[in-house]
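Hi,

Here is the structure I said I would pass on. Please open it first, then read the notes below it.

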Amino acid sequence: MSSGSPPPIQLKQGVLHLLSGSILGRTLSFALNLALSRSLGPNGLGLFSLVLSTAQTFELTARGGVDYGLSCCLTGSEAPKTQAQRAVIAHEALRIVQIFTFVLAIGLWIWVEPLEGLLPPSLPISRNIASLSLVAIACLEALGGLPWDIFLIAGQTKLVALRQGAFAPTKLLASWIGALSGGVGGALAGYAISSAVQIGRAHV
């Protein structure tokens, strides 16, 4: 394709899907974060934000570059031609992330419980509940991210846009609903339950 030729229609549609999903998701997330901040108060919101930021770092670490390697493997010049071969590679990548997640989860639990690190000494909920919520959400985020990267590599931009525009804000919505009845503990439980449900959908 020459440099002056217009981009394919499929590329335009993919960009439009991802852009619309991102705008919708960020708008909804902004509104839900405002609602959460009012429901949780400074202390509860601080713990909730600490758990989510730790989970994001945990997810990136658990991937260990597997997402980049998978992208190169499935789109490079020597990429497998058949769907069965691509599925085997994707399954192997998921298995590697699962192993990394298990090992890191053990390390994170030792850090926050026996060593009493990361979490502040004064918490709005018991330390055991906070630690369990932290490790659970971190693991769920790590296990739930890679399947969406696989969808994106496969060109399933509508599904990825659905995650950005609906699934991601749904976690915050579940957190807000949980916060209304159970404070920060309910917010963490709502986020974890929503993440677990979305993992099931991503693997279907």
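**What I found**

Glu-141 is buried, with a relative accessible area of 11%. Buried means under 20% relative accessible area, exposed means over 50%, and partly exposed is in between (1.4 Å probe, protein chains only). This is a predicted model, so local features need pLDDT of at least 70, side-chain atom pairs count only at pLDDT 80 or more, and totals for chains, interfaces and linings use all residues. Residues are numbered from 1 along each chain as its sequence is written, and side-chain values use heavy atoms, with hydrogens and water left out.

**The salt bridges**

What does Glu-141 pair with? Glu-141 forms a salt bridge with Lys-171, and the closest N and O atoms are 2.7 Å apart. The two residues link distant parts of the chain: Glu-141 is in helix H4 (residues 127–153) and Lys-171 is in helix H5, 30 residues apart. Lys-171 is buried too, at 10% relative accessible area. A salt bridge here is a side-chain nitrogen of Lys or Arg within 4 Å of a carboxyl oxygen of Asp or Glu. By this rule the count is three.

Another of them joins Arg-63 and Glu-59, at 2.9 Å from N to O. Both residues sit in helix H1, four residues apart, so about one helical turn separates them. Arg-63 and Glu-59 are both buried.

Arg-95 also bridges to Glu-92, with 2.8 Å between the closest N and O atoms. These two lie in helix H3, three residues apart, which is about one turn of the helix. Arg-95 is partly exposed at 39% relative accessible area. Glu-92 is partly exposed as well, at 34%.

**The overall fold**

How many helices and strands does the chain have? It has five helices and zero strands. From the N terminus on, the order is α-α-α-α-α. Helices (H or I, at least four residues) and strands (E, at least two) are DSSP runs, numbered from the N terminus.

The chain has 204 residues, and 39% of them count as buried. Take the contacts between residues at least 6 apart in sequence: 72% of these join residues at least 24 apart. Contact means heavy atoms within 4.5 Å. The chain exposes about 11500 Å², and carbon and sulfur atoms supply 66% of that. Accessible areas come from the Shrake-Rupley method with a 1.4 Å probe; for residues, only the protein chains shown count as cover.

**The aromatic pair**

Rings of Phe, Tyr and Trp (its six-membered ring) pair if their centres lie within 6.5 Å; planes under 30 degrees apart count as stacked, over 60 as edge-to-face and the rest as tilted. By this rule there is one aromatic pair. The ring centres of Phe-48 and Tyr-191 are 6.2 Å apart and the planes are at 80°, so the pair is edge-to-face. Phe-48 is in helix H1 (residues 9–63) and Tyr-191 is in helix H5 (residues 157–203), 143 residues apart, so this pair links distant parts of the chain.

Ser-194 lies in helix H5. It is buried, at 8% relative accessible area. Leaving out residues up to four places away in sequence, Ser-194 touches Thr-170, Lys-171 and Ala-174.

Thr-54 is in helix H1. Thr-54 is buried at 14% relative accessible area. With the neighbours up to four places away left out, Thr-54 touches Leu-118 and Leu-134.

**The nonpolar patch**

A nonpolar surface patch covers about 1100 Å². Its residues include Ile-96, Ile-99, Phe-100, Trp-109, Leu-115 and Leu-132. Helix H3 gives the largest share, nine residues. One of the patch residues, Ile-99, is found in H3 and is partly exposed at 42% relative accessibility. Patches are made of residues with over 30% relative accessible area and no salt bridge: like charges are joined within 9 Å, nonpolar side chains (Val, Leu, Ile, Met, Phe, Trp, Tyr) within 5 Å.

**Confidence**

The mean pLDDT of the chain is 79, and 73% of the residues score at least 70. pLDDT is the predictor's confidence in each residue, from 0 to 100. Among the elements, helix H2 (residues 66–75) has the lowest mean, 70, and helix H3 (residues 83–112) the highest, 84. Over residues 1–6 pLDDT stays under 50, and the model has one contact beyond four places in sequence for them.

Best wishes
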